Amino acid sequence: MSKSNCNPAVGSRKGRAPSSLSSLAPNWSEQPSVRPVLAAHWSTLSLCSAPHVEPSFLSSHREPSRLFLFDQNIKRESGRKVQTGNINAAKTIADAIRTCLGPRAMMKMLLDPMGGIVMTNDGNAILREIQVQHPAAKSMIEISRTQDEEVGDGTTSVIILGKRNMRGIFITQFIQQSSLAPTIGIKEMFCVSTPVDTSDRSMMLKIVHSAINTKMLSRWTELACGIALDAVRIVELEDNGRKEIDIKKYAKVEKVPGGTIEDSRVLRGVMVNKDITHPSMRRLIKDPRIVLLDCSLEYKKGESQTDIEISKEEDFARILHMEEEYIQQICEDIIRIKPDLVFTEKGISDLAQHYLMKANITAIRRIRKTDNNRIARACGARIASRTDELREDYVGTGAGLFEVKKIGDEYFTFITECKDPKACTILLRGPCKEILAEVERNLQDGMQVCRNVLLDPHLLPGGGAVEMAVSKRLMERSRALTGVEQWPYRAVAQALEVIPRTLIQNCGASTIRVLTSLRAKHTEDNAASWGVDGTSGCLSDMSALGIWEPLAVKAQIYKTAVETAILLLRIDDIVSGHKKKDKDGQMGGQGVE
């Protein structure tokens, strides 16, 4: 009586397996990653007796096909589930900052990992403090950061519009046709845009007011608009027909807690948080001659731990004498051009301070490279890397006043009253650091709006007016098409209505009634400037209210939002690798490389 121990899943049969069974066994050396998984099943199958019938999977596949298996630590999602997850992730991010749009915007309070507090209604400032895991959510946060770096405004609108653009049913057709919608939308925006005279100060103040009115600084709108416009005008540089406005480098914001926000002002020059190196040096100099250095006024120390062996007492005295001679020489190089003020990015030795003080020269040491560059641009000086190359043209004479003041517990150096400064400092005063940080963010938005208008002097009506105008044009274009091709234009047109809808919701008005009235208003002629008054929730002519937005900001919002929606909708598979756990329970190497 014969026995056959077979795998229950395969079953037992009488007789012997066909002779060709062993020849069909795959070469495990070619597939080492699957050998431990399938070898046991194959050996069990070979021991089973099958007199007449071969296993069906062997008879149908005579040659083993290549088999791809993911690592057991890898998580994979595919199909409609991925697209739905991306849409939900974008919706979650947009819902977090939806209430931050418009003049009735609410503020968020965030706690960072170090225990600091962030109070703001700026979309980018909120999202960069949020820790997310979903890749689509990270992409949405990234477009907010890109919007802030590119044009400095519209960080909340781009998230809300990007989320709304992802709510499409015909995803394939949406991807194919929606790339044309931003181009058409930007062309329509040019049709309703208005050129602006950048030399008109009152008009420029209205533009900045539109940006700051939705921020915390709306209580001090007149002061904030004046500071932002003056700062941008100071750093504006035009050379050979090319206009350069570098706010990040040359418009420094210094936050000093104390006082009131009304004490904030723009300095036509530079302020640094430094004091003079010697107490006997002058603290007030009118029309100073300024020298900027990128070298230390100290004896050069040997590199790589240089050792000196001294065998005689005279040798030690000689070394000290050499150091004094070197310090005296570099000080003579400076004194030769008769400056009143010396700034250096490195240190100044006590002996050098002595020589400079005897020559009635004030010295300040260890300033930042960025501050040195701003001082050079403000007073017309050139930065010298060596003292022996100093000449008269290296001296800056454009500053009108140098003084050292004590504000609070710290000393600050002021270089002001410059003749033609191309750098400035914004001195902000306020009750605490958190409020000063929010005031700085608001001022940065205002300065970016001024910069955008000066570089591209075209304006669009705010309050959702331009969104409704472009939506109307896209809907008219969709009616000229047939079939599925019209749906992408309708999807983008409906998505644009989310901006006025959010403004209406945030000010507490009736969304359906006001939005329906706005649609009806835009069917009339010459009604492209009608939008939603974010304060009262009523329909108003934005040009009459003086609510304007730069064309550059709106164009960047449309392009970024639609392109991001297309990118995320094209994803149908997500493979994520997880870290393996060691025996001790700690996280080890990556599951997939």
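**Reading the model**

Guide: Asn526 is exposed, because its relative accessible area is 80% and the cut-off for exposed is over 50%. Keep in mind that this is a predicted model.

Visitor: Where is Asn526 found?

Guide: Asn526 sits in the loop between α19 (511-522) and β19 (530-532).

Visitor: What should I look at in the backbone there?

Guide: Look at phi. Most residues other than glycine have a negative phi. Asn526 has a phi near 55°, a positive value in a residue other than glycine. Asn360 also has a positive phi, near 60°. Asn360 is placed in the loop between α13 (350-358) and β13 (362-364), and with a relative accessible area of 42% it is partly exposed.

Visitor: Is Leu390 buried or exposed?

Guide: Buried means under 20% relative accessible area. Leu390 has 2%, so it is buried.

Visitor: Which residues does Leu390 touch, leaving out those up to four places away in sequence?

Guide: Leu390 touches Val291, Leu293, Asp333, Ile334, Arg336, Ile337 and Ala384. Take Ile334: it is 56 residues from Leu390 along the chain, yet the C-alpha atoms of the two are separated by 7.3 Å. Leu390 itself lies in the loop between β14 (383-384) and β15 (401-407).

Visitor: Which residues form a nonpolar patch on the surface?

Guide: Ile308, Ile310, Phe316 and Leu320 form one, with about 390 Å² of accessible area together. Ile308 has 61% relative accessibility and therefore counts as exposed. Its place is the loop between β11 (290-293) and α12 (313-335).

Visitor: How are two packed helices described?

Guide: By the angle between their axes and the distance between the axes. Here helix α17 (residues 486-496) and helix α18 (residues 498-506) pack at about 25°, with axes 5 Å apart. That makes α17 roughly parallel to α18, because angles under 35 degrees count as roughly parallel. The contact is made by Gln494, Ala495 and Leu496 on the α17 side and by Val498, Ile499 and Pro500 on the α18 side.

Visitor: How many salt bridges does a search of the whole structure find?

Guide: It finds 32. To read one, ask which side chains meet, then where they lie in the sequence. In one of them, the side chains of Arg76 and Asp573 meet at 2.9 Å, N to O. Arg76 belongs to strand β1 (residues 74-78) and Asp573 to strand β22 (residues 573-577), so the pair ties together parts that are 497 residues apart in sequence. Arg76 is partly exposed at 47% relative accessible area, and Asp573 is partly exposed at 30%.

Visitor: What does Lys521 form with Glu524?

Guide: A salt bridge, with the closest N and O atoms 3.4 Å apart. Lys521 is partly exposed, with a relative accessible area of 21%, and Glu524 counts as partly exposed at 42%. Elsewhere, salt bridges that share partners join Lys91, Asp95 and Arg98 into one network.

Technical notes: Residues are numbered from 1 along each chain as its sequence is written. This is a predicted model: local features need pLDDT of at least 70, side-chain atom pairs count only at pLDDT 80 or more; totals for chains, interfaces and linings use all residues. Side-chain values use heavy atoms; hydrogens and water are left out. Patches are made of residues with over 30% relative accessible area and no salt bridge: like charges are joined within 9 Å, nonpolar side chains (Val, Leu, Ile, Met, Phe, Trp, Tyr) within 5 Å. Accessible areas come from the Shrake-Rupley method with a 1.4 Å probe; for residues, only the protein chains shown count as cover. A salt bridge is a side-chain nitrogen of Lys or Arg within 4 Å of a carboxyl oxygen of Asp or Glu. Helices (H or I, at least four residues) and strands (E, at least two) are DSSP runs, numbered from the N terminus. Buried means under 20% relative accessible area, exposed over 50%, partly exposed in between (1.4 Å probe, protein chains only). Contact means heavy atoms within 4.5 Å. Axes are lines fitted to C-alpha atoms, for helices over the stretch in contact, and angles run from 0 to 180 degrees between N-to-C directions. Angles under 35 degrees count as roughly parallel, over 145 as roughly antiparallel, 65 to 115 as roughly perpendicular and the rest as oblique.
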